[in-house]
Amino acid sequence: MLTVLALASVVLLGIVPEQSQAITIYTGWERHALVGSDIRLSCSFFSWRWTSDDVTFSWTYRPDGSRDSISIFHYTGGEAYVDNKGPFRDRVEFVGNPGRRDGSILIKNLDFNDNGTFTCDAKNPPDIVGRPSSVRLLVFEKLPIQAGVITGAIIGVVLGLLVLIVVIYYLMRFLVARRVFSLSVSKHGKKKKEGSQQRQGPAPPADPSKVKAAASEKKKQESRKDKK
Amino acid sequence: MLLLLLGIILLHIAALVLLFVSTIVSVWTSGETSTSDLWKNCTIHTGGHACSPASTGEWIQAVQALMILSIIFSCLSLFLFFCQLFTLQKGGRFFLTGAFQILASLFVMSGAIIYTVMSPEWVPEKNTFGYSYILAWVACPLALISGLIYVILRKRE
């Protein structure tokens, strides 16, 4: 019974990983760049196996409107081989890290003729079944503004101003109401104190009432200034 | 009295509907086989329609923003009208409602003006202005009149 179980598990472990043994390659979808600038095309992969020493990366380029693709970069056996005859001669540089599954290249001094599709293919022996991934390069004279940025900004600013005005309006109303309330309270308090003083005579010190009178005078002056 | 109220609300809703149609339907310019702006450019060929997103220049985005803002302000004005109808004192004026509606009409007007002035840059000569553009121009005075009526109106029983 146990041996049957052990045999079954060994067989399953042997079969299942083979089916899921496919390498997945990730590049960007589209890249925008200015004429004359440099661009880094990133390529990385996911594989169930450890990164082997024989890992290979290769980049091919297909111009816009053409059906042929040419190879511009190949990394194998620990060495990087760049294009030395084609349109990217002396412009390609390997900036990736094969140990970290990164096969990115740097293309310098872009031109309008570099518009096209770049395809990255990575192989991690024995994991070699996978679909290459492509990134489209668009070279602009002037970087266009993304759709919706200015639209969103204008709408956001106007609605924000509206909210700000409403908040300030309610704040002013609240402050004015509070000031009116405190003014009426201090007047009421002063009247009460004067009444109690007249009944008791000049025994309590006159300072608190003088301070209160000065405070209410100050408030009256402030409200007069505000009205102005 | 009720008739007056109904008429005013109908005018407001008419302006709002025109604004919605003008903003949503993408026919600000139309040629023989193509229509373009505000959101996508479509050309008709033997297979059917082929639509691509409109150009992302700064001015088109400004027109988009102004049209959307005018819709927002007009909706807010309708909502405020119903609020003020029930909370305003007798004899009071619908200032806030009228102000929002007039602002909405100003936004439509500036959007239409910007589009008129800048469109020769991105539209070839033989194309003419489409019906969305015309609806925007019709919605502007409608909204203005509606806003002015709100400002002049006084609340009665």
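## Contacts around a strand residue

Two residues are in contact when heavy atoms of one lie within 4.5 Å of heavy atoms of the other. In this predicted model, A:Ser44 touches A:Thr24, A:Ile25, A:Tyr26 and A:Arg101, if residues up to four places away in sequence are not counted. A:Ser44 has its place in strand β4 of chain A, which covers residues 43-46; here helices (H or I, at least four residues) and strands (E, at least two) are DSSP runs, numbered from the N terminus. The C-alpha atom of A:Ser44 is separated by 9.8 Å from that of A:Ser133, a residue 89 residues apart from A:Ser44 along the chain. With a relative accessible area of 28%, A:Ser44 is partly exposed, where buried means under 20% relative accessible area, exposed means over 50%, and partly exposed means in between (1.4 Å probe, protein chains only).

## How the model is read

Residues are numbered from 1 along each chain as its sequence is written, while chains are lettered from A and ligands numbered from 1 in the order in which they are written. The model is predicted, and local features need pLDDT of at least 70, side-chain atom pairs count only at pLDDT 80 or more, and totals for chains, interfaces and linings use all residues, with side-chain values using heavy atoms and leaving out hydrogens and water.

## The build of chain B

Chain B has four helices and five strands, and read along the sequence these elements follow the pattern α-β-β-β-β-α-α-β-α. Of the 157 residues in chain B, 43% are buried. Among the contacts in chain B with a separation of 6 or more, 69% are between residues 24 or more positions apart. The accessible surface of chain B, found by the Shrake-Rupley method with a 1.4 Å probe, comes to about 8300 Å², and 74% of this surface belongs to carbon and sulfur atoms.

Helix α4 of chain B, residues 131-152, holds B:Ser146, which counts as buried because its relative accessibility is 1%. Leaving aside neighbours within four places in sequence, B:Ser146 is in contact with B:Leu11, B:His12 and B:Gln101. The side chains of B:Ser146 and B:Gln101 also make a polar contact at 3.2 Å; a polar contact is a pair of N or O atoms within 3.5 Å, where within protein one atom must be able to donate a hydrogen and the other to accept it, and where residues adjacent in sequence count only if both atoms are side-chain atoms.

The size of an interface is often given as the accessible area lost when the parts come together. Between chain B and chain A this buried area (the accessible area, with a 1.4 Å probe, that two parts lose on being put together, summed over both) is about 1000 Å², with carbon and sulfur atoms giving 77%. In chain B, the residues that lose the most area to chain A are B:Thr56, B:Gln61 and B:Leu69, which together make up 43% of what that side buries.

In all, 13 residues of chain B are in contact with 13 residues of chain A. Five residue pairs are in polar contact between the two chains, counting pairs with both residues at pLDDT 80 or more. Helices α2 (58-87) and α3 (95-122) of chain B each supply at least two residues of the side that touches chain A, and the largest share of that side, 10 residues, comes from α2(B).

## Salt bridges

Side chains of opposite charge can pair when their charged atoms come close. A salt bridge is a side-chain nitrogen of Lys or Arg within 4 Å of a carboxyl oxygen of Asp or Glu, and the whole structure has five of them over all chains, whereas the interface of chain B and chain A has zero.

One salt bridge joins A:Asp114 to A:Arg91, with the closest N and O atoms 2.8 Å apart. A:Asp114 lies in the loop between β9 (105-107) and β10 (116-123) of chain A, and A:Arg91 in the loop between β7 (79-82) and β8 (92-94), so the pair ties together parts that are 23 residues apart in sequence. A:Asp114 is buried, with a relative accessible area of 3%, and A:Arg91 is buried at 15%. Another salt bridge, at 2.5 Å from N to O, is formed by the side chains of A:Glu93 and A:Lys108; A:Glu93 is partly exposed, with a relative accessible area of 34%, and A:Lys108 is partly exposed at 27%.
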